[in-house]
Amino acid sequence: MTGIAVIGMSGRLPGAADLDEFWQNLLAGRDRITRTPVGGLRGTVADDLLDDARWIGASGRIPAPYDFDPAFFGMSPKEALTTDPQHRLLLTTVHRALEHAGVVPGAGPARVGVFAGVGRNRHEDLVRTVLADRGEAVNELALEMGNEKDHSTTKVAYRLGLTGPAVTVQSACSTGLVALHQASQSLYAQECDIAVAGAAALRVPDSHGYLYLEGGIGSADGVCRPFSARAGGAVAGDGVVAVVLKRLEDALADRDHVLAVVRGSAVNNDGAKSGYASVSARAQELVIRDALLFSETDPDTVGSVETHGSGTPLGDATEWSALARVYGAARQTWVGAVKSGIGHLREASGLAGLVRAVLSVQHGLVPPTINVGLPAEFVTQESTGLTLPRAALAWSEPGPRRAAVSAFGLGGTNAHVIVEEPPTRPAAEAPPGPALVLLSAHTPDALRRTADAWESAITTGRVTPAEAAEVSRSGRRHYRHRRFAVGTDPAALAARLGGAHPAPAAEPVGAPGVCFVFPGVGDQYPGMGAGLHHALPGYTELLRGYLDDCGEQIGRDLHGLLGSGTAAPTGTAAATGPRTGTVFNLRRLVEAGRGAPADEVFDPVASHAVLFSLQLALARSLQALGVRPTAVTGHSLGELAAATLAGVFTEHDALRIVVQRARAVARQPEGAMLAVSLSRAQAEELTGPGVWLAAVNSPRSCVLAGEREAVLAVVDQLNRRGLQGRLLPVRHAFHTPLLAAAGEELRGVLEPLRLSAPTIPIAANTTGAWARTELQDPDYWYRQLTSPVLFGEALATAAKDCDVLLEIGPGQLRTLAAQARTGGPDCAVVPTMRREYQNEPDAEVLLRALGQLWQHGCALDWDRLRGGARPARTVLPPTALDERYLFVAEGSGDLLAPRPATTAPVAPVAPAAPVVAAVAAPTGPVAGTRLEGVAAVLAELWEEILGVEAPTAEDDFFDLGGDSLMSVQLIFGIEERLGFHIPAIAVFQESGLGRMAAHIDTWHTTGGSE
């Protein structure tokens, strides 16, 4: 094994809302300790402390430590409020680190483990005090699970769906780095495929400073000066960090974005020593040597060491001596100490140092160690090659950049890690054609903010459209609120992504009902489908096979009608836009009625075979991508494609039926078909001898057909009335009695075959209703060829039960659906191929269709759509969360404290609206009707248990964050408030508030005999 790849990181550190800001602070040498005068702390810190001359108002504070999004993680506001904020920070940060890495837990077979620790818990006592003041009972189990360190990592695994080991690590100041060591060992042992190492340390409540004690660990002046002659102690700080790890060979194979490589690590303990809080230079030296030995790294090749560097004279001197014995060779080694700018983050301090080292080797820059001033005597008394950088420096040593990181825990658990710059990434080859970028979030506002961030990233060139497409499709979890954009130009695509994009009226909560709609003959055009040969995997191969089958029956090569798109062995057609590349010459075969020469050869057999083959190939390719039709329908020839997809015919039989049907039609006398923008009643007024109603496509679109001269007479009649009609590009009167003989031949073809019952519901042409067993009867297909097509009614039938009408091939579905008001807010109409007049590439139309399907809830196989090797991963902004201030109040009637009026002078963070987690007092007798009383009591209980405000009848208990434990509380509450026993099965037969209340009332009224 060649090492462990760091493929993702996230963190919130003093003065930095994210790691990008943290890195900029490091390079600029900014001191991000918050120092607040005593006057500015009145009301937030006890007066007796502030009045003590030893009070030091210095602290490493992080932005918005108590902000959290309960709903995103499936928690009720009250559960989140009574959970240790350190647990909440860890959960949020692990989620963001996985997003940074492009890892979607549960989306594949990869087992994701988590190894992490949190700081001392002070939150539980605060919650107990507040609940006692309110006279509210304490749920011991809920409080334990929300606050004990044991549950910090298992809670992360539970909330994020991580199935690898979930191990809580606790070794004081070395916790984070020990977690990284254990995570690496788990990967080496094949216990998991991806591992997250994390740590969170947050003082609750924030004291904003400390009392300086002579000889203690705290700095006398609120400044941390590691390795300085003036070093006098540390400054406490808060922070949270999570890093995502993967075996290097796996990361390279998956083309992950590797930030750095962990070459090796080691952990040991001081053992017996003069005092528990003392340190051991010998143990520190040994852990460093063990890490170098395990990683097979020569210490002379390590160019930078991120130290424990606490700023205490004894600790710094001990650490420096250990470093000098290992790294004090001729080569210059830079010595860093991240605590100089952010303070001592306790459990998270080692991972803060690791982040500094990872970013250093990744970017080739060494940040300065600040606040040193005059170095300590032990730094200058011997020539070692160890140097404290005073400004950001470029990494100039030859060979791969390597850095080391140390963390020494109070009590003696020591850790040392060796990291190396990431391997050179091969130049990314942008896939040809447009990109489909998907964007989702769990609320509309979070979606808007995420879109704004992604728009900026694409517009500024930080990521390409292809990179954004890859991350969005397979590197992010897909949430309920969705938008997408398709395009090749970065600026245009970003604008579409960030602009107002219409969303479905009902956001997807599951797989949608999709009806495949197959148009009939009449809307073909040159170049039809040419751009799909590269855009749609499997399409070319399927089309080629169907054309071969039909060609054998017809006795001619049909590939010539499609240019090189299917004739080339690997489908090398390059066309992506209108009228370019391969030319689909079907239009030349059906040009009659549009000014074509009267003697032009018309070949309905070839035209029907090609169109049917194209529709079937397109449908099968979409099915392979994961588009599962829940219903099908089709117009005329399209109904045969629909029936084939539903299993009525085998594919081979269907191709034979289509050819024989077309041959039978070709032998009939010529006729004509006329499309008219009239209602059915108006169209029927034009029928007469030789003219029949052939199709009713919408309330305002019908087709007349019959003998050619009779139809042309109708055209003249319309012209005299100032009305328009369109002669269709066919030479036979389909769906009229004129094709009775062809229908008889078709029936003869079908009778020997065994037709199957449809496995997918079909809205039938002849009735407009759902077909039952009639499709297995050859007589149906006789009637289908000789009777009017009630396509508009079939569409209306399908739209009632489906969320999406998906047009398979070029047609007029959107026009017809709009005329019929079919596919309104409850049913979308989605084309998969462009109409002839659309001046846009075929690939864009297809990708837009896939985007709309995804927007409605389809789970598509993006790996198959991508085809070939995965493009190299890149990093995009995180999915926005709707975080709210959640902190337990003291000395007030509310459980939830208001957001403080003033915040520490750290990086500005936009305030979020607080969640009012009100807990109602016990109510008196139920007023109003019995059912209203039950519903009112139930709503009050939901407010208490879930911490939500004013739930409505439509709200769902489990959607609001309820779980099995809360359901027990609910049952007990119902019995206490309503005064009768009710079994759990009676309460939770319905989970919606209104339905639950009605069911409880009915159960009580009937004595449980309902």
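This is a predicted model: local features need pLDDT of at least 70, side-chain atom pairs count only at pLDDT 80 or more; totals for chains, interfaces and linings use all residues.

Colleague: How many bridges join strand β23 to β26?

Modeller: First the idea: strands (E, at least two residues) and helices (H or I, at least four) are DSSP runs, numbered from the N terminus. Two strands pair if DSSP finds at least two bridges between them. Here, three bridges join β23 (residues 671-676) to β26, and the two run antiparallel.

Colleague: In what order do the strands of that open sheet come?

Modeller: The order is β24-β25-β23-β26, four strands with antiparallel pairing. β24 (691-698) and β26 (725-727) stand at the edges with a single partner strand each, so one side of each has no neighbour in the sheet. On average, neighbouring strands of this sheet are turned by 25° against each other, direction ignored. For such angles, axes are lines fitted to C-alpha atoms, for helices over the stretch in contact, and angles run from 0 to 180 degrees between N-to-C directions.

Colleague: Which helix lies across β24 and β25?

Modeller: Helix α30 (residues 813-820) does, running at about 85° to β24. Contact means heavy atoms within 4.5 Å.

Colleague: Why is strand β1 largely enclosed by the rest of the structure?

Modeller: Buried means under 20% relative accessible area, exposed over 50%, and partly exposed in between (1.4 Å probe, protein chains only). Nine of the nine residues of β1 (residues 4-12) are buried, so the strand is largely enclosed. Eight bridges join β1 to β10 (residues 239-247), antiparallel, with Ile 4 opposite Arg 247. β1 also runs antiparallel to β11 (residues 260-269), joined by three bridges, and Ala 5 stands opposite Val 261 there.

Colleague: And the loops: where is Glu 296 found?

Modeller: Glu 296 sits in the loop between α10 (281-295) and β12 (304-306). Its phi is positive, about 55°, although Glu 296 is not a glycine. At 70% relative accessibility, Glu 296 is exposed.

Colleague: Which peptide bond is cis?

Modeller: The one from Val 204 to Pro 205, with omega near -10°. Pro 205 has its place in the loop between β8 (194-201) and β9 (210-211).

Technical notes: Residues are numbered from 1 along each chain as its sequence is written. Side-chain values use heavy atoms; hydrogens and water are left out.
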